[in-house]
Amino acid sequence: MLSEALRLDPNYACAHGYAAWGYERRFLRGGFHPEDRAAAIRHADAALATGGDDPQALCLGGFVHATITHDYERSINALDRALMLDGNSSLAYGLSAMVHMFNETHDQSRDHAFKAPRLSPLDPMNYHSYLALAWVSLFTAPFEDAVRYSVLGTQVNPGFSILHASLVASYANRDRLETARTAAGRLLEIAPGWMISEFVRMDVERSQLMGGLASALRKAGLPE
C-alpha cells in the first residue's frame with residue numbers, strides 16, 4: 001500500500017517515512033538483507049528531503065537513520081525539528097528517546113521518554129519510551145528500574161521480543177536467574193527462533209554495550 005501511495009505521489013513524505021521504517025524493521029528482524037537496508041536508507045533520505053514541514057516524516061526518517069546508519073547528529077536534528085513543528089507528538093518524543101539512548105545522551109533520553117506517555121497515556125507506540133528507559137537503566141546500572149520499564153513496555157506491546165529480552169537481561173543483572181529463565185521462556189514462546197547472535201547483529205548500540213546485554217542473556221540460557 002505504501003508503494004502504491006508513492007506511485008501516485010512520489011513526493012509523499014509521510015509515506016516515505018513509513019516505508020523507511022518498514023524496510024528498517026525487515027532488515028533488522030528479517031534476515032539482514034542488504035536490499036532492505038538500501039531501501040530503508042533511500043526512503044529515509046526521501047522523507048527528510050521532502051518532509052521538512054511534516055513531523056511524522058521527519059521523526060521516522062531520523063529514527064531509521066539512527067538505527068541503520070548511526071548518523072545520530074542528523075537523526076537528532078530531524079527529531080528536534082519534528083518536535084518544533086509539533087510539540088505534542090508522542091511518537092516524536094518516543095523515537096527521540098530511543099535515538100538519544102543510542103547516542104548515550106541519557107538525560108535527554110529519559111526526559112523525552114517520560115514526556116511521550118504523559119502526552120498520550122494509552123498510545124500503543126509508547127513501548128519505544130519504555131524500551132529507551134529500560135536500556136538506559138541497564139546501561140547505567142539501576143537494574144530494578146530496568147525491570148520495571150521492561151515490564152511496562154511488554155504490557156504496551158506484548159509481542160515485541162526486544163522488550164522481553166530486556167526483561168531477561170534486567171533480571172539476570174540482578175542475579176534473579178530463575179526469574180530470568182522464566183522470562184526467557186516467554187521470549188521464546190513469542191519468538192521461537194530468537195538467538196543472541198542475531199540480536200547482537202542488529203548493531204543498534206556500540207559493541208561494548210551490546211556485549212553486556214548478550215552476557216546477561218547468556219546467564220538465562222537463551223540460545224546463542
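Author: Start with the term. A pocket is an open set of points on a 1 Å grid over the protein atoms alone, where a 1.4 Å probe fits, with protein on both sides within 12 Å along at least five of seven lines. Lining residues have an atom within 4 Å of a point. A volume is the space filled by probe spheres set on the points, which are joined across faces, edges and corners. The largest pocket has about 200 Å³. Of its 14 lining residues, L28, R29, W194, E198 and F199 are closest to the centre.

This is a predicted model, so local features need pLDDT of at least 70 and side-chain atom pairs pLDDT 80 or more, while totals for chains, interfaces and linings use all residues. Numbering runs from 1 along each chain as its sequence is written, and side-chain values use heavy atoms, without hydrogens and water.

Reader: What classes of residue make up the lining of the largest pocket?

Author: There are 8 nonpolar, 4 polar and 2 charged residues. Ala, Val, Leu, Ile, Met, Phe, Trp, Tyr, Cys and Pro count as nonpolar, Asp, Glu, Lys and Arg as charged, and the others, Gly among them, as polar.

Reader: Which domains line the second largest pocket?

Author: Domain 1 (1-87) and domain 2 (125-223) each give at least three residues. The bounds come from an automatic or database domain assignment. This pocket holds about 160 Å³. R25, M98, L131, F160 and I162 are the closest to its centre among 14 lining residues. Helix α8 gives the most to the lining, with 4 residues. Helices are DSSP runs (H or I, at least four residues), numbered from the N terminus.

Reader: Why is S75 called buried?

Author: Buried means under 20% relative accessible area, with a 1.4 Å probe and protein chains only. S75 has 0%, so it counts as buried. S75 is in helix α5 (residues 72-85). Leaving aside neighbours within four places in sequence, S75 is in contact (heavy atoms within 4.5 Å) with G62, H65, A66 and V99.

Reader: What makes a set of residues a nonpolar core?

Author: They must be buried Ala, Val, Leu, Ile, Met, Phe, Trp, Tyr and Cys residues, joined through side-chain atoms within 4.5 Å. The largest such core here has 73 residues. W135, W194, F199 and L217 have the most contacts inside it. The largest share, 10 residues, comes from α8.

Key
Helix = DSSP H or I, 4+ residues; strand = E, 2+ residues; numbered from the N terminus. Buried < 20%, exposed > 50% of the residue type's maximum accessible area, 1.4 Å probe, protein only.
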